[in-house]
Protein chains: 2
Amino acid sequence: MTWAYQDGGFVPADGAHVAADDAGLLHGRGLFETFRARQGRVYLLERHIGRLRAGAAALDIEAPAELDRLPTTVQELAERCELPDARMRLTLTAGRQAGRPSLVLHARPATDYPSDAYTSGVTAAIATTRRNETSPLARIKSLNYLDNLLVREEARRAGADDALLLNTRSSLAESATANLFIVGGGDVLTPPVEDGALPGVTRSAVLELANAAGIRAGEATLTIDDLQRADEAFLTNAVAGMLPLVAVDRRNVGAGEPGEITRRLRARYEEAAAAP
Amino acid sequence: MTWAYQDGGFVPADGAHVAADDAGLLHGRGLFETFRARQGRVYLLERHIGRLRAGAAALDIEAPAELDRLPTTVQELAERCELPDARMRLTLTAGRQAGRPSLVLHARPATDYPSDAYTSGVTAAIATTRRNETSPLARIKSLNYLDNLLVREEARRAGADDALLLNTRSSLAESATANLFIVGGGDVLTPPVEDGALPGVTRSAVLELANAAGIRAGEATLTIDDLQRADEAFLTNAVAGMLPLVAVDRRNVGAGEPGEITRRLRARYEEAAAAP
């Protein structure tokens with residue numbers, strides 16, 4: 001049986017629901033997080049909770065007290081669903097007018113990425129839709145997420161795995177559902193939040209792991225030119241981890257295969273993420 | 001008692017709900033329409049339905065057959081709620097994965113605009129958030145609507161009634177929740193959809209009513225300069241109708257009061273909208 005958690009208790013997944021006039025549905029006033037739970041444990045869960053709280057504050061949504069118990073809730077949901085490796089989705093809505101926010105946690109098997117995505121790498125297409133870095137929503141993971149999915153669907157119809165988004169000033173922002181990194185001259189670089197990059201949990205972890213490993217890593221405004229001249233590139237999010245990016249618009253990035261620094265960093269990331 | 005309509009039947013408004021994993025909530029994959037129902041009748045309802053259908057097609061959502069009965073549904077909801085003048089909100093979600101879309105209609109009293117908004121006009125502030133005209137969502141009324149509400153809230157904190165949005169190329173697009181028109185040299189002009197204007201039902205009606213009245217009216221790319229040089233300006237949406245716009249960023253538009261062409265057009269619009 002598939003379960004979900006909602007507002008303090010577990011319900012059959014089919015039974016979790018929100019009011020049809022919840023502002024989360026009416027206008028997308030709400031937040032979400034996606035992450036992977038291995039044996040009921042989520043790598044850097046506290047950072048996901050922190051980002052959700054920051055987004056809630058930005059949207060004037062009162063974060064419910066039950067958020068404090070999320071690590072236990074995640075574990076119990078994984079057990080109830082019998083999912084040793086789960087992809088989970090946490091949703092916080094603003095609630096009905098003068099009502100209370102609603103917190104929902106869903107789980108499903110973590111099967112999104114075939115293993116050859118890691119060994120052979122993934123491809124991307126540059127989207128025609130721009131990332132609107134002028135909006136405060138570019139910096140929070142809000143329920144206004146359809147642009148991201150539409151550009152990914154467009155990219156997949158064109159034969160690519162993912163889409164890369166430029167911002168309104170034609171700098172690289174991120175991929176449809178992941179942060180973008182390039183490697184050049186041994187340095188690891190990712191677009192700053194001001195350029196429209198979502199402040200990704202995995203993004204920050206990779207920056208820290210790289211620097212701890214003696215690899216210079218930081219933020220920089222990046223252009224398509226920078227990407228085309230890069231030695232390596234990769235994508236990060238909390239469900240997939242690190243995905244080598246080997247071609248963009250049918251043109252190889254570097255040698256067109258996962259690069260050495262990408263592989264080294266990914267090994268460190270997977271080790272950290274799998275640690276008990 | 002307050003009622004709502006959901007998926008074929010009437011329910012107490014508190015009881016209308018959607019699945020917590022409906023794509024409409026998860027990612028804002030869905031559409032909405034807002035309109036005013038006077039004595040259970042909506043001016044140009046068929047155009048609202050048409051726009052909803054077009055948006056559903058763009059998002060690959062199957063429009064439910066019950067949409068055909070919407071005029072009757074609107075009338076019955078107004079009667080059940082005892083609302084001779086109602087503001088209604090129609091929501092169509094994409095549904096759960098492999099599931100069916102959900103159609104919900106809510107009603108509340110039409111009390112959003114004080115009458116002096118029409119006699120004295122309203123004010124606006126230019127938002128720092130840009131309208132992303134590069135996104136397909138700029139042309140459909142999707143559930144990704146939070147940017148619009150956030151810029152309006154920001155404008156209201158600054159003492160204005162509404163916000164005007166520039167697009168990524170610094171042309172005027174629309175207001176937070178209405179289309180923008182300017183009047184200059186006797187001509188009535190509104191930004192084209194390609195500039196980020198939502199294809200408003202009231203917008204198209206006003207263009208037609210103006211031309212029928214011998215006033216030249218059409219689309220044109222407009223800048224802040226054009227607005228500052230305009231003789232008059234006004235905003236349109238299906239709930240408020242036509243609202244004179246008399247100041248932007250604390251600077252008068254024209255004489256700083258509702259203009260003659262705005263008043264003439266509004267009289268024609270109200271006459272048409274109130275016709276049985």
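I take helices (H or I, at least four residues) and strands (E, at least two) to be DSSP runs, numbered from the N terminus. The model is a predicted one, in which local features need pLDDT of at least 70 and side-chain atom pairs count only at pLDDT 80 or more, while totals for chains, interfaces and linings use all residues. Residues are numbered from 1 along each chain as its sequence is written, chains are lettered from A and ligands numbered from 1 in the order in which they are written, and side-chain values use heavy atoms, with hydrogens and water left out.

**Entry 1: residues with positive phi**

I looked up Ala98(A), which lies in the loop between strand 6 (85-93) and strand 7 (102-109) of chain A. Ala98(A) is not a glycine, yet its phi is positive, at about 60°. For exposure I use these cut-offs: buried is under 20% relative accessible area, exposed is over 50%, and partly exposed is in between (1.4 Å probe, protein chains only). With a relative accessible area of 87%, Ala98(A) is exposed.

I then turned to Asp7(B), in the loop between strand 1 (3-6) and strand 2 (9-12) of chain B. Asp7(B), a residue other than glycine, has a positive phi near 45°. Its relative accessibility is 38%, and Asp7(B) therefore counts as partly exposed.

**Entry 2: two loop residues of chain B**

I found Pro101(B) in the loop between strand 6 (85-93) and strand 7 (102-109) of chain B. Pro101(B) is partly exposed, with a relative accessible area of 21%. By contact I mean heavy atoms within 4.5 Å. Leaving aside neighbours within four places in sequence, Pro101(B) is in contact with residues including Asp7(B), Ile61(B), Glu62(B) and Leu92(B). I also looked up the C-alpha atoms of Pro101(B) and Ala240(B), which are 139 residues apart along the chain and separated by 29 Å.

Asp21(B) lies in the loop between strand 3 (17-19) and helix 1 (23-26) of chain B. Is Asp21(B) buried or exposed? Asp21(B) is buried, because its relative accessible area is 17%. Not counting residues up to four places away in sequence, Asp21(B) touches His106(A), Leu26(B), Gly95(B) and Arg96(B).

**Entry 3: a strand residue of chain A**

I located Ala247(A) in strand 15 (residues 241-248) of chain A. Ala247(A) is buried, with a relative accessible area of 10%. Its contacts, not counting residues up to four places away in sequence, are Val122(A), Thr123(A), Ala124(A), Asn252(A) and Val253(A). The C-alpha atoms of Ala247(A) and Glu257(A) are separated by 8.3 Å, the two residues being ten apart along the chain.

**Entry 4: helix 2 of chain B**

I checked the span of helix 2 (residues 45-58) of chain B. The expected span of a helix is 1.5 Å times one less than its number of residues. The 14 residues of helix 2 of chain B should therefore span 20 Å, and its end C-alpha atoms are 20 Å apart, which agrees.

The buried residues of this helix are Leu45(B), His48(B), Ile49(B), Arg51(B), Leu52(B), Gly55(B) and Ala56(B). They cover an arc of only 160° around the axis, so they are on the same side of helix 2 of chain B. The arc is that of the directions from the helix axis to the C-beta atoms. On the other side, Glu46(B), Ala57(B) and Ala58(B) are exposed. The cover over the buried residues includes strand 4 (30-38), helix 3 (70-80) and helix 6 of chain B. Just after helix 2 of chain B, Asp60(B) takes a positive phi of about 60°.

The 15 residues of helix 8 (residues 260-274) of chain B should span 21 Å at 1.5 Å a residue, and its end C-alpha atoms are 21 Å apart, which agrees. The buried residues of helix 8 of chain B are Ile261(B), Thr262(B), Leu265(B), Tyr269(B) and Ala273(B). Their arc around the axis is only 95°, which puts them on the same side of helix 8 of chain B. Glu260(B), Arg263(B), Glu271(B) and Ala274(B) are exposed on the other side.

Which residues of helix 6 of chain B meet helix 8 of chain B? Thr202(B), Val206(B), Leu209(B) and Ala210(B) in helix 6 meet Leu265(B), Arg268(B), Tyr269(B) and Ala272(B) in helix 8.
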